[in-house]
Amino acid sequence: MNKNLFSDTPEAMPRAIACAIYPQGGEHECMVSLAEVGRLLDTAGAEMVATVTQMRDKPDGVTCIGSGKLKELSDLCLAEDVSIVVFDCELSPSQIRSIEERMEAEVDVLDRSMLILDIFARHAVTSEGRLQVELAQLRYTAPRLAGKGADMSRLGGGIGTRGPGETKLEIDRRRIKSRIRMLEEELEKVESSRATMRAARDRSGLVRCAIVGYTNAGKSTLLNALTGAGILAEDKLFATLDPTTRQYVLPSGMKLLLTDTVGFIRNLPHHLIKAFRSTLEEAALADVILHVCDASGAEFADELKITDNLLTELGASGKPVLLVFNKCDLIADGEQKMLLKRIADQGGCESVFISAKTGEGMEEFTEKLERIASEGRSRAEFLIPYSDGGAVNLLHALAHDVQMEYVDEGIRVTATVDAKTRGKLKEYLIVPENTACTEDDEEDW
Ligand SMILES: Nc1nc2c(ncn2[C@@H]2O[C@H](COP(=O)(O)OP(=O)(O)OP(=O)(O)O)[C@@H](O)[C@H]2O)c(=O)[nH]1
Ligand SMILES: [Mg+2]
């Protein structure tokens, strides 16, 4: 059986079919989602040659789609020389096996999560990203591949390899469990070093902005345009998996920390959100959200909603948001802009039209960003002498998440404050030497 499902060369792309069920009235949404599966397949290295859909309220417990439809799928796989079938929903391990057994051609059946995880595996760069992906694969993909004999060795080589491991040994449950335990421990260590880095960033007192949005909206292109970060930006889904933070100096001289984050997608399974929580957390920890949207696409309204909902789920709602309508160079239509503006106004957020590619609208963007960031909050550390009880009271009244420590010199307070409060207590602000930012500081924060 072919263990290396996808191809890195366009000439050798395996052929795939995407399959979905939809409830009555849900056909349009289903088609949009299937088109996205096509793009996910393209990113992974396969060509979607056909789709198979069925209207039904509930998936069949054994084969997801009904038996007649399954026969149609099987015939189509034979006729179209297809080796991969992706179901645009979650399949249980037994459903996967049942479907594969009923196919006349030799096909590998995946569900949406497995496909996304495969892409994540290729795009993870940092050790935290790679650990998260491997853990998620072991928890989710491994049970779904169980029983496929040699195929289990796909997991043996770790992530990113996609091929068989050095050995063809089948990884049994016990081995998977112990590997999971090991990865969890490693991940904990990496997460604590990330927390240390974050703490250093917090102490810098700079406003933290998270660049969030639907996958392929242009988040990395924007960070590159602003800071020359050199992050891979391409017309693929989930090009970015690991967050990158760079310092950015606004034309006025105000310094910010900008973080590029992993993109969102519709129907992002809950277990994936859980697995990537520490990466996704960047948005929750930011002071300001830069919500980037591909304004040239037909699905912008849904994509805005999906991103908003995920931000709420991650605990990042209620923060100041600048809605960045990107790819304006591709919009010829004034009506689309009016529609977008109306959506932003209805949501009560500030918005701006830009092209991260051509630089159009960047001046207005930086002005609005500065305005929002000045109002934005950030984490700061103060050392207040015991004699100034008023300053401590002020922080209690105006700041959030106040933490106090009594030291010899006074009270060391760490708190989330807005720019105004920070300004008022400037004289007590601690900006440690080693975390103070320099203008040309290009390092990954
Ligand atoms: N025409 C046009 N293309 C753009 C613009 N901004 C980004 N792109 C293109 O859109 C594609 C996606 O850009 P990325 O910056 O990788 O998007 P992203 O939001 O970081 O995507 P993920 O990391 O995959 O979630 C790339 O091919 C970019 O060149 C723009 O303003 N105009
Ligand atoms: Mg990106």
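Which strands does helix 2 (residues 67–79) lie across? I started my notes there. Helix 2 lies across strand 1, strand 2 and strand 3 (84–87). I noted its direction too: helix 2 runs at about 165° to strand 2. I keep in mind that this is a predicted model.

**Entry: the whole chain**

I looked up the overall make-up next. The chain has 14 helices and 13 strands. It holds 445 residues, and 40% of them count as buried.

I found an open sheet of four strands, in the order 2-1-3-4. The pairing is parallel. Which strands stand at the edges? They are strand 2 (47–55) and strand 4 (108–111). Each has a single partner strand, so one side of each is left without a neighbour in the sheet. The twist averages 25° from one strand to the next.

I took a closer look at one pair. Strand 1 (residues 15–22) pairs with strand 2 in the parallel sense, over eight bridges. Ala16 stands opposite Met48 in strand 2.

I moved on to helix 4. Helix 4 lies across strand 3 and strand 4. Its direction is at about 90° to strand 4.

How do helix 4 (residues 112–123) and helix 5 (residues 127–145) cross? Their axes come within 10 Å and cross at roughly 145°. I noted the hand as well: the crossing of helix 4 and helix 5 is left-handed.

I listed the residues that meet. Helix 4 brings Ser113, Met114, Leu117, Phe120 and Ala121. Helix 5 brings Val133, Ala136, Gln137, Tyr140, Thr141 and Arg144. I sorted this contact by residue class. It divides into seven nonpolar, three polar and one charged.

**Entry: ligand 1**

I finished with the ligand. Which residues come nearest to ligand 1? There are 23 residues around ligand 1, and Gly218, Ser220, Ala233, Thr240 and Gly263 come nearest of these. I asked which element gives the largest share of the shell. Helix 7 (residues 219–227) does, with three residues. By class, the shell around ligand 1 has seven nonpolar, 10 polar and six charged residues.

Note on methods
Residues are numbered from 1 along each chain as its sequence is written. Chains are lettered from A and ligands numbered from 1 in the order in which they are written. This is a predicted model: local features need pLDDT of at least 70, side-chain atom pairs count only at pLDDT 80 or more; totals for chains, interfaces and linings use all residues. A residue is near a molecule or strand if its C-beta atom, placed from the backbone, lies within 6 Å of it. Helices (H or I, at least four residues) and strands (E, at least two) are DSSP runs, numbered from the N terminus. Ala, Val, Leu, Ile, Met, Phe, Trp, Tyr, Cys and Pro count as nonpolar, Asp, Glu, Lys and Arg as charged, and the others, Gly among them, as polar. Axes are lines fitted to C-alpha atoms, for helices over the stretch in contact, and angles run from 0 to 180 degrees between N-to-C directions. A crossing is left-handed if the near helix is turned anticlockwise from the far one by less than a right angle, and right-handed if clockwise. Two residues are in contact if their C-beta atoms, placed from the backbone, lie within 7 Å. Two strands pair if DSSP finds at least two bridges between them. A residue is buried if 20 or more other C-beta atoms lie within 10 Å of its own, exposed if 12 or fewer, and partly exposed in between; C-beta atoms are placed from the backbone.
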